[in-house]
Amino acid sequence: MNRLSIIAVTAAALTLGFSLTVGGAVGQQNAQKTSDVEDVNAASQVFIAAISARDIGAIDKVWAHEAYATFMGPLSTTIVVGWDGVRKAWEMRFSQFDRVTISVAESHIRTHGKAAWAVGIEKVQLLRKNGETLSFDAFVTNVFENHDGHWLLVSHQATPIFKEPR
């Protein structure tokens, strides 16, 4: 073997060895993250069910009761900061509608340590107390924190997707 071949083989062996070592670590990380992602997805589903049921008690259980919690719903005109205000915003929203239906059209979840975020698109159908219906798609961002093994919301933001008239 000439000198260049020996260098190439050595470099390839080192690269392959490094890739296998890192690949194993990444595989272990992904397994742990997959569990976290599944847990965040489950928390998201509980949140959607609480909204659809207009159940403030269920909302209480899925949110972190923190001074830095934030809420910006699709019909909001202000940013609500602090758990007390967030809870009042949900109570007010629930009192406006006889029915709320939300389905997830697209979801992307990422975790990093004790923080997680879920972004996606939801299909929303609302029936107001006066019989008026509202239907729209919304971009949604939910931010979670892990509190003693439970993923709790600390921020919710939903923005209607406006489509250009054809």
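The six strands of an open sheet follow the order β2-β1-β6-β5-β4-β3, with mixed pairing. Two strands count as paired if DSSP finds at least two bridges between them. β2 (80-81) and β3 are the edge strands, each with a single partner, so one side of each has no neighbour in the sheet. In general, strands of a sheet pair through backbone hydrogen bonds, either parallel or antiparallel.

This is a predicted model: local features need pLDDT of at least 70, side-chain atom pairs count only at pLDDT 80 or more, and totals for chains, interfaces and linings use all residues. Residues are numbered from 1 along each chain as its sequence is written, and side-chain values use heavy atoms, with hydrogens and water left out.

Now take the whole chain. The protein has three helices and six strands. Helices (H or I, at least four residues) and strands (E, at least two) are DSSP runs, numbered from the N terminus. Read from that end, the elements run α-α-β-β-α-β-β-β-β.

Next, walk along the sheet. β1 and β2 run antiparallel and are joined by two bridges. Here Phe71 stands opposite Val80 in β2. β3 and β4 are also antiparallel, over 14 bridges. Phe97 has Arg128 in β4 as its bridge partner. The hairpin of β3 and β4 has two residues between the strands, and Gly113 takes a positive phi near 65° there. β4 and β5 run antiparallel too, joined by 13 bridges. Gly120 faces Val140 in β5 across this pairing. The hairpin of β4 and β5 has four residues between the strands, and Gly131 in its turn has a positive phi of about 95°.

Most residues other than glycine have a negative phi. Which residues go against this here? Arg54 is not a glycine, yet it has a positive phi of about 55°. Arg54 sits in the loop between α1 and α2. Its relative accessible area is 29%, so it is partly exposed. Asp148 is not a glycine either, and its phi is positive, near 50°. Asp148 lies in the loop between β5 (133-147) and β6 (150-160). With a relative accessible area of 78%, Asp148 is exposed. The cut-offs are these: buried means under 20% relative accessible area, exposed over 50%, and partly exposed in between (1.4 Å probe, protein chains only). Buried residues make up 32% of the 166 residues in the protein.

Now look inside. The largest nonpolar core has 33 residues. Such a core is a set of buried Ala, Val, Leu, Ile, Met, Phe, Trp, Tyr and Cys residues joined through side-chain atoms within 4.5 Å. Among those with the most contacts inside this core are Phe47, Trp63 and Trp90. α1, α2, α3, β3, β4, β5 and β6 each supply at least two of its residues. The largest share, six residues, comes from α1.

Aromatic rings meet as well. Rings of Phe, Tyr and Trp (its six-membered ring) pair if their centres lie within 6.5 Å; planes under 30 degrees apart count as stacked, over 60 as edge-to-face and the rest as tilted. By this rule there are five aromatic pairs. Phe47 and Trp63 form an edge-to-face pair, 6.2 Å centre to centre with 75° between the planes. Phe47 lies in helix α1 (residues 3-53) and Trp63 in the loop between α2 (56-62) and β1 (70-72), so the pair ties together parts that are 16 residues apart in sequence. Both Phe47 and Trp63 are buried. How are the rings of Trp63 and Trp83 arranged? Their centres are 6.1 Å apart and their planes are at 35°, so the pair is tilted. Trp83 lies in helix α3 (residues 83-96), so this pair ties together parts 20 residues apart in sequence. Trp83 is buried, with a relative accessible area of 9%. Phe47, Trp63, Phe71, Trp83, Trp90 and Phe94 form one aromatic cluster.
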